[in-house]
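Some terms used for protein structures rest on simple cut-offs. The questions below set values against those cut-offs.

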Amino acid sequence: MSVIAETATTSRKATARSAAAAPSRVEPIFRPKSVAVIGASNRDGSVGSAIFKNILMGGYRGTLYPVNPTSPSIAGVHAYKSVSDIPDDVDLAMIIVPAPGVPAVMEECGRKGVKAAVVVSAGFKEIGPEGLQHEQRVVSLAKEFNIPLVGPNCLGVINTDADILLNASFARCMPKHGNIAFVSQSGALCAGILDYARGRNIGFSKFISVGNKSDITEIDLLRYLAHDDSTDVILMYLETLADGRAFIDLAREITGEMKRPKPILAIKSGRTTQGAAAARSHTGSLAGSDAVYDAIFAQAGILRVDTVEELFDFAVGFSRQPLPTGNRFAIVTNAGGPGIMATDAAIRHGLELAKLRPETLETLKAKLPPTANISNPIDVIGDAQSDRYKTALAAVLADPGVDGVVVLLTPQSMTDIEAIAHTVGEVRLQHRKPVLGSFLGHVDISTGVQILERNGIPNYEFPENAARALAAMYKYTQWVQRPRTAERRFKADKAAAQKIFDRIRAEGRTFLPEAEALDVLGAYGFPLLKHAVAQDADGAAKLFEQIGGPVAMKIVSPDVVHKVDVGGVLLNISTAEEARAGFKKITNGVKQKLPGARLLGVEIQQMAAKGTEVILGLSRDPAFGHIIMFGLGGTFVEVLKDVSFRLVPIRELGARNMIKSIRAAKVFEGFRGQPPADTAAVAECLERLSQLATDFPEIEELDINPLIVHAQGHGAHVADVRIALAAGKTG
């Protein structure tokens, strides 16, 4: 059983239908009983030669057939002129012929009954329209004959399981066996990563280059890897996602809901250009593609990393050590400086220095020299040998207040590096807590590092790297152990909101003035202030008397999105006469600045009591649907960009986490005599907004800015809102 399975403390029945599906569609790709290499070659340096020799020399346990129309044999193995000439069944076809010839080969594979195919060849949609036509034809044939297809334009696939040993790629060598799976959209990156991993002594269970993802996508591969006994950790390099919704559901189950959860670490590159319509709202302008991926990764329990080095720093920790049950860590070192560096990095990433118990301190004081520092970080001093490391490491690992340990060593002239490495490995085996090493240097410590790794202890070149890896492991623990909440549904008048949207459509409009937008929110139970629309100055005075002062006055026009910019807002109107004069001032001012604007009246709205201004928003991403946003409100939201995002729908816990995750979250806790804010009311508004978005996918953008949040227990009120519908969309 893997260390991930042994230490995961939360287990739930699988809920995502996609992950529960049988992974048999991908099975022939990773576990074929026979492989035909179509385009195998004797020409040194060719892809056809590299792939065939990799399979042949890699120890593949099945039957291998080279296919070449002109060569009688490849690398001494009898060759067939076509896949049809092979007398036996073929499970997997590796296709390495020029792009124009691939459709004919695919059709022949279909008639042969080939169970799966990997098209390594380039020259498809990545080169333009002509290549796209070839690719579409290949995919059409694959679907016609029910052939799962990886690629085209990929490195290939690797399975290091001892009963398969399939290196169906043009990588330079077979990676060592391990419990890490890697899925990459970049073939070139795959080649470099394999070499990098070899240098760091990192092994893989599966290694897959998906190329253009014309058929098999990351979704299919995650389904397979979720149930793969050889895989404990999944790494991904992504440029795009085939299906964001399916991805989040599947990844969420794999990382936290399965009986045997598995961490997923991902690098996401590339950016999506936002459409011009996004500039209509704060939410639209802030919800770039990076924000979308941050949101879906957070909701799926995926740890997003920025570099390949960080990807593998974290991966080796997950793959070789148990998860920490908490964030209290200890450092054992023979030098003060590296201990401080590790401490700073760990605290910066969410860990805490463990407070050692009195019994632990007494043990350290009794067994370490007087010059040693027995407080955490524990400095055993530069002349320390394995006995001091054993004393310190055993003491802190036995301390119930310590959840994980980072062991540091600088190679000094008196240091027996190998003996210390053996000791660290021996002591670690007596405890179910993660131990990460950082033996600093390169040449002198190399043998010691090998000893650590043989004992399952990952070593990091620098203390900060080890601390960051331990912090990532704790972050995943938090995800696995998190409380589960459901998506709440509130009583709402969906029909009333639908009627408003239908009327807007019938009038040929997509933008809702605030008065209409407030009616939509009212149908969904948002806390609104008293408001009504005046058609003339006398009506404004009359409404003031009915609502009571002070009030805000705002222009109502489908042609005015940002009312303040055209003088369309007056605040703190305190008498009926001011309301009458204000009506004239607003309408005359807007007419001067926007002569063609349609004026539907002036909204008279009760002024809210003082509170903290926040923004709630929606933006509809073309690939993933609605993204919900939260942040501090006002006009500077786009400047400060202190916001958080989630994909709709959100759960109760997700709403609370959105509020906590902005940098200014402490504002809501109360400061300088101010009471704490009613964040529960804000969370409910976020959930109601999620329900509105779920019910009406045609909402293009929505901003509630500001939502005024009052003191705890006193709720919140919507002060302003704008809604834009997608052109041509209906509910």
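Q: Which residues form one aromatic cluster?
A: The cluster is formed by Phe182, Tyr196, Phe204, Phe207 and Phe312. The model is predicted, so local features need pLDDT of at least 70, side-chain atom pairs count only at pLDDT 80 or more, and totals for chains, interfaces and linings use all residues. Residues are numbered from 1 along each chain as its sequence is written, and side-chain values use heavy atoms, with hydrogens and water left out.

Q: Why is the pair of Phe204 and Phe312 called edge-to-face?
A: Rings of Phe, Tyr and Trp (its six-membered ring) pair if their centres lie within 6.5 Å; planes under 30 degrees apart count as stacked, over 60 as edge-to-face and the rest as tilted. The centres of Phe204 and Phe312 are 6.1 Å apart and the planes stand at 85 degrees, so this pair is edge-to-face.

Q: What makes Tyr524 and Phe696 an edge-to-face pair?
A: Their ring centres are 6.3 Å apart and their planes lie at 75 degrees, so the pair is edge-to-face. The pair ties together parts that are 172 residues apart in sequence.

Q: Why is H14 called roughly antiparallel to H15?
A: The axes of helix H14 (residues 358–367) and helix H15 (residues 386–398) cross at roughly 175 degrees and come within 9 Å. Angles under 35 degrees count as roughly parallel, over 145 as roughly antiparallel, 65 to 115 as roughly perpendicular and the rest as oblique. Therefore H14 is roughly antiparallel to H15. Axes are lines fitted to C-alpha atoms, for helices over the stretch in contact, and angles run from 0 to 180 degrees between N-to-C directions. Helices (H or I, at least four residues) and strands (E, at least two) are DSSP runs, numbered from the N terminus.

Q: How do you know that Lys268 sits over the ring of Tyr293?
A: The charged end of Lys268 is 4.3 Å from the centre of the Tyr293 ring. A charge sits over a ring if NZ of Lys or CZ of Arg is within 6 Å of the ring centre and within 35 degrees of the ring normal. Arg482 likewise lies over the face of Trp479, at 3.5 Å from the ring centre.
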